[in-house]
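Biologist: Please take one part of this model and look at it closely. I would like a single connected answer.

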Amino acid sequence: MKVLVTGIGCVSAIGTNVNDHLLSFQEKRSGLGPVTLFPTNHTEPVAEVKLSNTVLKNKLGLPEQAVISRTALLGMLAAREAFEDADLSGVTNLRIGLISSNSTGGMDLSEHFYPEFRQDPTRGNLHDIASHDPGDSTERIARLLGLNGFRTTISTACSSATNAIMLGARLIRQGILDIVIAGGTDALCKFTLNGFGSLLILDKTPCRPFDASRAGLNLGEGAGYLVLQSEKTSYRKTYCTLAGYANANDAFHQTASSSDGNGAYLAMKGALEKAGLSPDSIDYINAHGTGTPNNDASESAAIQRLFGNRIPPFSSTKAFTGHTLGAAGGVEAVFSVLALHHGILYPNLNFNQPIAETGLIPVTEYQTGVSIRSVLSNSFGFGGNNTSLLFRK
Amino acid sequence: MSKQTIYINSIASTLPDTQDSPEFVPGKQVSIQEPDYKTLIPDATLRRRMSRIVRMGVATGMQCLNKFPNAPVDAILTATGYGCLGDTEKFMNTLLDNHEQMLTPTAFIQSTFNTIGAQIALLSKNHGYNNTYTHRAFSFESALLDAILLLREEEASNVLVGAIDEMTPTVYEILKRLGLWRNALAGEGANFAILSTTAIPESYAVLEGIELFNGTYSAAEIQERIHNYLVQKEEKNVTVLFPSDYKKICGEYPTAMAYAFNTCCKHLQSGEIKTPILVYNTFLGNHSFIFLKPV
Amino acid sequence: MEQLIQELKASLIEALNLEDITPEEIENNAPLFGEAGLGLDSIDALEIILILERNYGIRIANPAEGKEIFYSVQTLADYITANRKQ
């Protein structure tokens with residue numbers, strides 16, 4: 001049974017809806033800038049969504065005084081766009097599920113709560129901590145969209161949303177659900193900024209994925225969701241199919257990727273096998289490409305191992321959006337679907353010199369009119385959690 | 001719902017100190033017996049970094065794997081409602097104390113929700129499918145559902161499924177202020193099981209079905225729902241376990257269902273319970289049934 | 001130098017949670033990283049960078065620089081002696 005993509009929605013530093021993103025790519029407009037969301041000592045660039053929580057609430061028709069994490073607000077905005085894009089509002093006779101994901105739940109609000117609480121455990125506004133768990137934002141998205149059916153939340157660090165989309169497709173294929181809204185959301189917060197800072201992998205300048213001089217990643221925030229639908233249901237339009245997917249574990253180190261990119265290789269290979277395709281049928285790879293020396297070397301090695309000397313066009317979009325962590329797989333799945341649908345390739349910003357060991361050169365210009373039938377989208381997370389999705393016309 | 005029979009072939013749990021029903025004292029913390037960490041996690045490099053919840057989860061997971069004769073498993077699924085909160089808090093404290101400077105990464109790395117599943121993969125050199133669910137009282141249930149899918153898809157023959165939640169002083173205090181301990185015991189635990197498509201002499205039980213639903217229901221409505229579920233399953237003589245039946249022993253925590261699941265498996269294997277068992281769980285508007293049968 | 005070495009061993013044991021290991025068991029010239037030595041890894045390297053910064057005022061911005069400096073307790077002590085600010 002085919003799983004169709006019938007709706008898309010995303011928000012990131014380069015746009016608050018799908019169309020904004022296309023414009024930003026075309027104009028090579030990166031979303032990186034200084035941190036404005038919270039006071040911090042960090043001066044590394046980040047990619048913030050250019051909407052305050054108040055504006056987000058207004059857009060969503062929610063009362064301004066409501067205590068809702070930014071993680072949930074971003075998720076609601078993108079999930080609603082996907083929901084409306086697939087014209088699901090009147091659908092009542094089908095089993096609709098919601099599979100969302102994030103890496104740190106409502107941490108942006110926990111950061112309000114905790115400093116007061118640790119001084120005096122009777123203090124700190126309880127509303128600020130009630131959304132700490134990753135499930136909270138999912139429940140809120142479900143309520144906003146009026147969904148009463150199956151919902152769950154995945155949290156596997158930076159591959160979270162990719163795993164959510166993969167589960168969605170599997171539930172449809174097994175006949176358990178007819179329609180799934182799947183993706184992920186994450187808001188920038190002090191916790192993750194300092195966390196990645198402590199790992200010494202934040203680049204002080206805009207990140208340079210796949211470049212020889214790359215020196216780390218930039219964090220971002222956002223949300224991205226797909227509407228997946230069984231081909232047996234009726235739909236207004238369809239972008240493409242989700243033809244393959246696979247998750248594999250690198251089982252090498254808690255944070256570092258193996259030098260041969262074994263987990264990444266297994267994930268990409270697994271997605272191809274699931275789709276019944278050979279490597280030469282891939283027309284574009286939206287790479288994980290964080291800009292850290294380790295990831296890009298490992299991912300390059302995996303790509304080379306799988307594709308040999310016929311490397312398809314590939315690029316990382318993270319110099320535009322920053323690394324949106326738990327949302328990355330959702331946001332980049334939307335980009336992959338758009339690449340396929342419109343025949344476009346995204347530039348990998350800030351690339352000058354290939355990595356010596358692999359010599360791989362990403363796409364550096366925005367290209368249109370490209371014939372694309374199959375796209376791979378990669379997301380790799382802490383704990384060696386590697387997932388690839390394969391979208392096909 | 002299952003087209004093929006799914007067997008539970010190994011279980012491991014951190015058991016509460018008291019297995020019979022003690023006097024009910026609201027808000028009392030259930031203490032558990034922690035496994036022998038050094039034997040179960042012999043790699044000192046890995047073990048030394050692990051916080052309590054990570055040790056608890058990894059050791060219980062490894063115990064479950066070690067007891068399983070048909071290892072290795074093809075996939076590792078974990079579930080946690082709260083995640084590694086001790087590490088989260090530790091990193092947050094250093095962040096505040098040091099004003100965002102000179103932070104050590106270990107606590108941050110381990111605060112990630114999938115740490116336990118990842119460490120089990122690392123220790124058992126497992127390159128297979130690895131996923132982590134964290135949706136309140138649906139966390140463990142979602143992992144079970146994923147395991148059922150993997151077995152049905154023939155992507156796996158044996159799947160490790162586990163759930164871990166830890167009661168830290170901070171969680172206790174916050175939930176107390178939220179009123180949770182007015183009529184509940186504070187619980188925690190690590191509970192792992194292996195689901196397989198083939199029976200072995202050690203098989204504990206058969207997983208017959210799982211159902212998840214949402215909303216607010218009266219006790220009568222839940223009774224009716226259970227009745228309808230059993231009618232549909234064509235089962236009459238069934239033991240029904242309500243949350244109060246097992247939470248009076250393991251306490252309240254998002255993945256308490258995993259404790260009930262393992263306990264039922266044990267009783268079905270020993271013959272202590274001879275009928276099929278339906279376990280009901282509910283927490284914050286998430287409801288679930290798990291239906292188990294003797295092998 | 002001997003005092004610095006003892007101090008370093010104690011800091012390493014504490015910061016890296018090296019349970020079951022006493023300062024005497026860490027040989028001055030044995031490799032800290034990899035299977036042959038104490039079995040430390042890239043996360044430990046980040047912890048050592050902090051020990052240098054916090055206790056000796058030495059900043060290493062890029063973990064890759066640390067490779068030779070962090071080879072053994074002896075190489076660490078030599079580097080600290082040559083570069084310490086506090």
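Which element gives the largest share of the lining of the largest cavity?

Modeller: Keep in mind that this is a predicted model. The element is H8(A), which gives three residues to the lining of the largest cavity. Now build the picture around that helix. Searching the whole structure turns up three cavities of 30 Å³ or more. The largest cavity holds about 190 Å³ of space. Why look for such spaces with a probe? Rolling a probe the size of a water molecule over the atoms shows where empty space is left.

The largest cavity has a lining of 20 residues. Nearest the centre of the largest cavity lie A:Ser103 and A:Thr104 from chain A, with B:Phe108, B:Ser111 and B:Thr112 from chain B.

For contrast, turn to a strand in chain B. In strand E9 (residues 286–293), seven of the eight residues are buried, so E9(B) is largely enclosed by the rest of the structure. E9(B) has partners. Strand E6 (residues 205–214) of chain B runs antiparallel to E9(B), joined by eight bridges. There, B:Asn214 stands opposite B:Asn286. Strand E8 (residues 277–283) of chain B is also antiparallel to E9(B), with seven bridges between them. In that pair, B:Leu278 stands opposite B:Phe291.

How values were computed. Residues are numbered from 1 along each chain as its sequence is written. Chains are lettered from A and ligands numbered from 1 in the order in which they are written. This is a predicted model: local features need pLDDT of at least 70, side-chain atom pairs count only at pLDDT 80 or more; totals for chains, interfaces and linings use all residues. Side-chain values use heavy atoms; hydrogens and water are left out. Buried means under 20% relative accessible area, exposed over 50%, partly exposed in between (1.4 Å probe, protein chains only). Helices (H or I, at least four residues) and strands (E, at least two) are DSSP runs, numbered from the N terminus. Two strands pair if DSSP finds at least two bridges between them. On a 1 Å grid over the protein atoms alone, a cavity is a set of points where a 1.4 Å probe fits but cannot get out, and a pocket is an open set with protein on both sides within 12 Å along at least five of seven lines; lining residues have an atom within 4 Å of a point. Grid points are joined across faces, edges and corners, and a volume is the space filled by probe spheres set on the points.
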